[in-house]
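Please have a look at the model first, and then read on.

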Amino acid sequence: MQDPVSFFVNADKYIRSALQEDITSEDVTTNSIMRKATMGACELIAKQDGVICGLKVFERVFTMLDHKVEISFNFEDGDEVHSGDLMARLKGDIRILLQAERTALNYLQRMSGIATYTREAVSLLEGTSITLLDTRKTTPNMRIFEKYAVKTGGGCNHRFNLSDGVLLKDNHIGAAGGVAKAIKMAKEYASPVRKIEVEVENLDMVKEAVEAGADIIMLDNMSIKEMDEGISFINGRCKIEISGNVTKEKIEQIRHLKVDYISSGALTHSAPILDLSLKNMRQV
């Protein structure tokens, strides 16, 4: 996770865009019932058990519209909440509270859902030395929020984007003309401090990747028997990652394997939202 200042330098443009998507010219409903600034208050309530994540993003949606909005939180990111918990109190211009409500909740519910799913997945790896990683299978323009949520849930981030590292996947290998050729070209082009990771789909590719000097081999969509054979052949000569349709259910089936990493796109593309709500809007 970036420090708060640099995080919001990057996050603000996405939050602003989300607000512009929801308010193209005006909030016609709110403006029809609230013709002038009127102080109001409401509460943020948990309607489901889970791990909360994105409270500062939630707050930023409101303060971007009006810096005078006041929010007092009873929880911090990473805390577990339970249905019925009073998570925060909000006070400010009712027009702003109503205009920002849905966008703020969309961020908070989505990020909390990912953090909750990740925490559950990480718990399945307790007692092993395996690190759970996310992937680039994120919602467009939501990556910084979703990857932050993975870390809040106890997982780790894989590459943030294509500039972060070398990962030779099936289409790169096909374009290069084979595993060994792809690794050779990557070593020639990339900085020597960058690790070369290669995605493989069978034992022949495992052998070729090891012999070509891969730093990390990703066993992708292989059966448990095939993975066992690949792990035995690698025999500690490089790091090993498992990937390919990894859900919480699959983690339970592969947690016994002697690998370094398990990467799961499900952390970000399949996590359900956490049900949260703003309630009790009133004038004060």
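How do the residues of the lining of the second largest pocket divide into nonpolar, polar and charged? They divide into five nonpolar, five polar and three charged, where Ala, Val, Leu, Ile, Met, Phe, Trp, Tyr, Cys and Pro count as nonpolar, Asp, Glu, Lys and Arg as charged, and the others, Gly among them, as polar.

This is a predicted model, in which local features need pLDDT of at least 70, side-chain atom pairs count only at pLDDT 80 or more, and totals for chains, interfaces and linings use all residues. Residues are numbered from 1 along each chain as its sequence is written, and side-chain values use heavy atoms, with hydrogens and water left out.

**Pockets**
- A pocket here is an open set of points on a 1 Å grid over the protein atoms alone, where a 1.4 Å probe fits, with protein on both sides within 12 Å along at least five of seven lines; lining residues have an atom within 4 Å of a point.
- The second largest pocket has a volume of about 310 Å³, the space filled by probe spheres set on grid points joined across faces, edges and corners.
- Its lining has 13 residues, and those closest to the centre are Ala-18, Glu-21, Asn-106, Tyr-107 and Met-142.
- The largest pocket holds about 410 Å³ of space.
- Among the 23 residues lining the largest pocket, Thr-135, Lys-137, Lys-169, Ser-243 and Gly-265 are the closest to its centre.

**Cysteines**
- The whole structure has zero disulfides (pairs of cysteine sulfur atoms within 2.5 Å).
- The sulfur of Cys-53 lies 15 Å from its closest cysteine sulfur, in Cys-156, so it is too far for a bond.
- For Cys-238, the closest cysteine sulfur is also in Cys-156, at 19 Å, again too far for a bond.
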